[in-house]
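Dear colleague,

I am handing over the structure we spoke of, and below it you will find notes on what turned up. Please read them with the model open beside you.

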Amino acid sequence: MAQLQRQAVRLEQAAPVLAAAYSQALGRWLGDPVLRAVGRPIITECYRSAERQNELYAQGRSKPGPIVTYKRGGESNHNYGPPTPALDVAFQLADGSVSWSGLLLSKFARLMKYADARVVWGGDWPKWKDRPHFELLSAQKGGPGHE
């Protein structure tokens, strides 16, 4: 129940067009018994403060862990809003663990892009692939690539 409440709060942070696309894609995912059995899409991040963005930027640089962003606080589309034009997705698996499987994310990306042509998937970017990331084409920074 707490997970569903967190999801509702994160979804409320998203720009209405992005929230609608996510909701439609989620409905299609959960409506397919095979996809539903694999795992449930969850929003891991939507709006994030400049401070949170800087924490993530430090990861893999001055803090342990892999690099997860190339944007500092104020440079990411996650930093605008709320409502924000960006959200990140992962999958909650049956055993309760969380997965960022590229295969699952590519399947979900098809559903997101089908739901609204203005949704851009970070897995389609030509340079650094940000597979958990979805944003609106008309995002404030002027387009894709602003994880």
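The largest pocket holds about 370 Å³ of space, a volume being the space filled by probe spheres set on grid points joined across faces, edges and corners. A pocket here is an open set of points on a 1 Å grid over the protein atoms alone, where a 1.4 Å probe fits, with protein on both sides within 12 Å along at least five of seven lines, and lining residues have an atom within 4 Å of a point.

This is a predicted model, in which local features need pLDDT of at least 70 and side-chain atom pairs count only at pLDDT 80 or more, while totals for chains, interfaces and linings use all residues. Residues are numbered from 1 along each chain as its sequence is written, and side-chain values use heavy atoms, with hydrogens and water left out.

Of the 20 residues that line the largest pocket, Val68, Asp88, Trp100, Asp130 and Pro132 lie nearest its centre. E1 and H4 each supply at least two residues of this lining (helices, H or I, of at least four residues and strands, E, of at least two, are DSSP runs numbered from the N terminus).

Leaving aside neighbours within four places in sequence, Phe108 is in contact (heavy atoms within 4.5 Å) with residues including Tyr22, Trp29, Pro41 and Phe134.

With best regards
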